[in-house]
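Hello,

Below is the structure I promised to hand over. My notes on it follow.

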Amino acid sequence: MTIPSTIDVGAAGTGRALAAIPSPDVSAFQLGPLTIHFYALCILAGVIAAVYWSERRWQAMGGQAGTIMDLAVPAVLLGLVGGRLYHVITDYQLYFGPGKEPIRALFIWEGGLGIWGAIPMGALGVWLVARRRGLSMSQLSFAIAPTIPLAQAFGRWGNYFNQELFGAPTDLPWALEVSPYPSGMLRDGMEAGVTTYHPTFLYESLWCLVLAVFLAWAGRRFDMRGGRLFALYVMGYCVGRFWIEYLRVDPAHDILGLRLNNWTSILVFLGALAYFLWAGRRLDRFSTRVVPIGVDADSEVTDTTNPATARQRDGDKRAEGADRKE
């Protein structure tokens, strides 16, 4: 296990790229007695965008208006709990041990939400509501899948305002300029005399935006029922997260030369791939079916968009009409 240490060397050095993305001087502002953190605002913006788009997709599928909003509240709350738990458990050294402040594990506004914990717990929230209302999880996942990376694209900008989770030093034109803490302490991953680093928050935000567009297109172009579109989202995110995680220099557990989240990306990718293939074989048994909103995936429903079944249906109707005339 390798955990880089934070070094107190005073102000950062003067080395920087010829052009760089400047980091903000503040990460929060006061609104009366309240402190509003930009990290929280970025997450909130992502949630709003995802809920709005999911609602539109759900209604276009024939779903009832307001359903996604009902799902969003428990999904977001449980997602925040799951994301924070994953972060605290996997980065326990930041909060527990000599000289640490365990209470800071509750300070979610300081950053630290693990997507690997947020998605399963958020899905649990969706499942609880869907089960009570008799909704199909496979159809809900189809509506929601492209909107999750959109929310992540917004949320990653919270790392920008917190000046955290950046990559290795670089002098590329799009490098991110990072400054030490006001006390002079270097931020996690900073090197003495180096002020510009890979903007991994930007890389992941752009990756998620592209993934959201791709998923929306794939859902229209191919048969992605049975949870396959959601599995495709998981695989796509894992691919991007793997190489972006490899660039990061913040403290992390190192296992056989890879960061913990790299290994998590590999395992989750393989699990999603296995499900994607299994669901595809399962759908082959019902290749001429479409499942309306609220109907279980195993129900016997004929796909009216399939030309062959449409001709068969018309022929059956003509036969029934002839029988009535006789």
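The axes of helix 5 (residues 147-155) and helix 7 come within 8 Å of each other and cross at roughly 160°. That makes helix 5 roughly antiparallel to helix 7 (angles over 145 degrees count as such). Axes here are lines fitted to C-alpha atoms, for helices over the stretch in contact, and angles run from 0 to 180 degrees between N-to-C directions. Helices (H or I, at least four residues) and strands (E, at least two) are DSSP runs, numbered from the N terminus.

This is a predicted model: local features need pLDDT of at least 70, side-chain atom pairs count only at pLDDT 80 or more, and totals for chains, interfaces and linings use all residues. Residues are numbered from 1 along each chain as its sequence is written, and side-chain values use heavy atoms, with hydrogens and water left out.

Cys208 sits in helix 7, which spans residues 200-221. Cys208 counts as buried because its relative accessibility is 0% (buried means under 20% relative accessible area, with a 1.4 Å probe and protein chains only). Leaving aside residues up to four places away in sequence, Cys208 touches Pro149, Gln152, Ala153 and Tyr237; contact means heavy atoms within 4.5 Å. Its C-alpha atom is separated by 9.6 Å from that of Tyr233, 25 residues apart along the chain.

Elsewhere, 2 bridges join strand 4 (residues 175-177) to strand 5, and the two run antiparallel. Two strands pair if DSSP finds at least two bridges between them. Leu176 stands opposite Tyr197 in strand 5.

Regards

Conventions. Buried means under 20% relative accessible area, exposed over 50%, partly exposed in between (1.4 Å probe, protein chains only). Angles under 35 degrees count as roughly parallel, over 145 as roughly antiparallel, 65 to 115 as roughly perpendicular and the rest as oblique.
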